[in-house]
Amino acid sequence: MSTKTRLLQDWLFTQIGGGTGTQDGEWLQTSEFPTTVHVELLKLKKIPDPFIGLHEWDVQWVGESEWAFKSSFTVTEEELRFSNVDLIFDGLDTFAKVNLNDRTILETTNQFVTHRVAVKDALKVGSNELLLTFESAFLKGRDIEKQHQKLGLWNGDSSRLHVRKAQYNYGWDWGPVLMTVGPWKPISLQIYESRIVDLDIRTDVSEALNVKFTADLALSSTSAGQQASFVLKAADGSVVAFTTASVVNGHAKAAFEFPPGKVDLWYPVGYGKQPLYTVEAKLFDDLTEVLDTKTLRIAFRRARVIQDKLIDQEGLTFLFEINNVRIFCGADSFLTTITPERYKAWLQLMVDGNQNMVRIWGGGIYEYDVFYDICDELGLLVWQDFMFGCGQYPAYDSFLSSVEVEAEQNVKRLRHHPSIVIFAGNNEDYQVAESLGLELNYDDETSDFRKTNFPARHIYEVTLPNIVNKNCDIFYHRASPYSGQGKPTTDRTLGDIHQWNVWHGSQEPWHNWDILAGRFVSEQGYPNIRTVDYWLGGDKSERFPQSRINNNHNKADGFERRLELYLMENFKHSFEMENYVYFTQVMQAETLASAYRLWRRNWGGKGREYTAGALVWQINDCWPVTSWAIVDYFLRPKPAFFTVARELRPFTVGMTRKEHKTFVDDRYADKFTIETRLEVWGTNSTLTEKRVTLEVTTFDLQSEWRDKTSTEVVLAPNASTELFKGALPGQPIRTKASEVPRVLIVSARLIDASGEVLGRYSNWPEPFKFIKFPAVEELGLKVTAGTDGASVVLSTNKPIKGIVLDVEGDDVKWSDQAIDLVPDDPQTVKAVGLNGREVKLRYLGDGTA
């Protein structure tokens, strides 16, 4: 008899003992399943929307109460004839006791663990009742903390370190305190004689691109006479390979080998196609009846993390190589859980933004299977953290045992996805250890770390690597960030770094991103204001930047000082809400564009991959908030999304201008010259060299003067190429600090043989606050509607900085924002949903500040 599985979907819930949620003994029908308490109470209008106003604080009681869910389901005589009947709990959040027909069958302590319980003896023919009771994870965590010890951390309540639950539920510097509770993943009843416990698929692609495929089928029983079949199918359903195997000691194995070209290889987006194959394994009894089937979708690719010596610099590379191609990774970090449709929308936005990697951050969850399926389809590489974030985690026996089960289950669940190229032990826990002065000797690799005050080092350096290496072939990295070679996490010559010295730390100017670069920069951030009107909930009295509600929707420590530091350093701005939103958005856009532009320059070809990737913090938000996200909670891209996308195109051009002050000799302070020097480079992410015309035009903002040069250049494949270094045309050498430099804007374009503009960038003098912009009526700015009704053409007679387009009413889907416009270079912007409406423009110098 074959395996059968059915979901239990009819559920009721109650607040134990009664309270604001329900009366004592009152059971309410859930609107969906799986579910959590906040979701149900919100739909029933029993709590206010915590995303609006200050209501986050009106729902804290939910996470500090006890809740119960129950379901009745029928079991037949036929079902009980099977040898095995199991209940499967894919995920319970978090401290739950499970009773079946008044018998306790399970107690859980880890949100990330799946539980399978044999329940045949507890079932009866007819109606059966399943009862789940959930303790408050917050209160339980406080109790556990008292039993052990209080530990150090960044963000949230310290008790979270003892609780295996999504850590951002406790509040973060971008997120609310919302302690979710409930059956957050499916619950099902499964009946079977013998079942497939595990299907371990390994693919090995050699440097010559030969492919080896192995499959190991693990079974629940060792019954004699069982057989297994393995079928490998292409996306079109055609059979690529087939074999059968006998079950020996509870396992059946298969192996195939393919020469180069026999199967298609999977590549990241922008480097090739993403062919996916299906492996179908079947288990048969001795009468050839199918007992169970397991299907996985896989791909073939050679993925390596390369840490080689560099030319001209100390340290080692830290880069990803797929099928012998070295990849520059432009990417974002992902931090929340959403529906399959929103997953697809978010990830498609990343592809549309020319990004090729997403990082699953260690303070959230191991994402649902559909997330990784979509990454496989789209060609997005995945950096997968284990769920530890910003803390001095414990490693006592019960905690460690729970982590071992969690890690093994999730590695086995995720290992077949071609998109996943790295597992990382945690997010910033070594940085926490460094900042707190914990016992952390990087040269010591052998001590019992559990006896130190940084006990989780045992998890990151022993437990997790052992589990990863045993169960898959994916690269393991101890943390993000982590340097290795005995160096601290701030070392810029090894591993990956988290560069927060713009915004946090030393609060460097954003123009210093090139100085702050590392081998692989896997976080960076800047706050932004976008969805203010939603979270204000119609309260116009709070519609100013310093209001109480706006303050509650920015969780970053000291954000007021940090925001104003960068705004005052760079912009002449005002405090009206619309203006403040605009200037913070342009500030974020300029900051991140500068980072990607300067760091991509560091991808200088083999042996000179001084920076191999930059993962911006962050792609998305878990609620409407002022944060580092480049797309807001409602999937509206901020201007920074577009500036990053421009810097990640296949061909880009970049420039820097720097002033060089030279003294006559070391005695005089008043005898010097100041020369402004310009540097220009281009990038090419394709695997062939590209011949283009470099066109550089310099404009004087205050006159009609301009200078233009055109040069034929060759862009090296998969690298940056230096194109020009010299004096800035039109800028006189100065001999006095009182001499104000000319306001010169330099526009560079890469143009191919057909006349297509492959890349463009305008370099403006900074800080922008010193610029005396021309009067609006002198600009000659025009917005011309396209004949298709879904685009506009922007043109100007004078250079314009930071154009942001908008309309009244419903959003328009724009193809570009934060646009720099110069004369004789009109730009077309797609505008899906424009529907003939008038386009409103904001830009620096538009007279509003």
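Tutor: Buried means under 20% relative accessible area, exposed over 50%, partly exposed in between (1.4 Å probe, protein chains only). This is a predicted model, in which local features need pLDDT of at least 70 and side-chain atom pairs pLDDT 80 or more, while totals for chains, interfaces and linings use all residues. Residues are numbered from 1 along each chain as its sequence is written, and side-chain values use heavy atoms, without hydrogens and water.

Student: How many residues of strand S23 are buried?

Tutor: Helices (H or I, at least four residues) and strands (E, at least two) are DSSP runs, numbered from the N terminus. Strand S23 covers residues 381-385 and is mostly covered. The number of its residues that are buried is five of five.

Student: Which residues point the other way from Leu381, Trp383 and Asp385 in S23?

Tutor: In a regular strand the side chains alternate between the two faces of the sheet. In S23, Leu381, Trp383 and Asp385 point one way, and all of the strand's residues are buried. Pointing the other way are Val382 and Gln384.

Student: Which residue stands opposite Met357 in S23?

Tutor: Strands pair if DSSP finds at least two bridges between them. Strand S22 (residues 357-360) runs parallel to S23, with four bridges joining them. Opposite Met357 stands Leu381.

Student: Which helix lies in the β-α-β unit with S22 and S23, and what is the handedness of that unit?

Tutor: A crossover is right-handed if, with the strands pointing away from the viewer, the path from the first strand over the helix to the second runs clockwise. The unit consists of S22, a helix spanning residues 369-378, and S23. The helix is H6, and the unit is right-handed.

Student: Through which helix does the chain cross from S23 to S24?

Tutor: S23 is also joined by four bridges to strand S24 (residues 420-424), again in parallel. Within this pair, Trp383 stands opposite Ile422. The crossover is right-handed, and its helix, residues 397-414, is H7.

Student: Why does Leu598 count as buried?

Tutor: Leu598 belongs to helix H13 (residues 577-601). Leu598 counts as buried because its relative accessibility is 6%.
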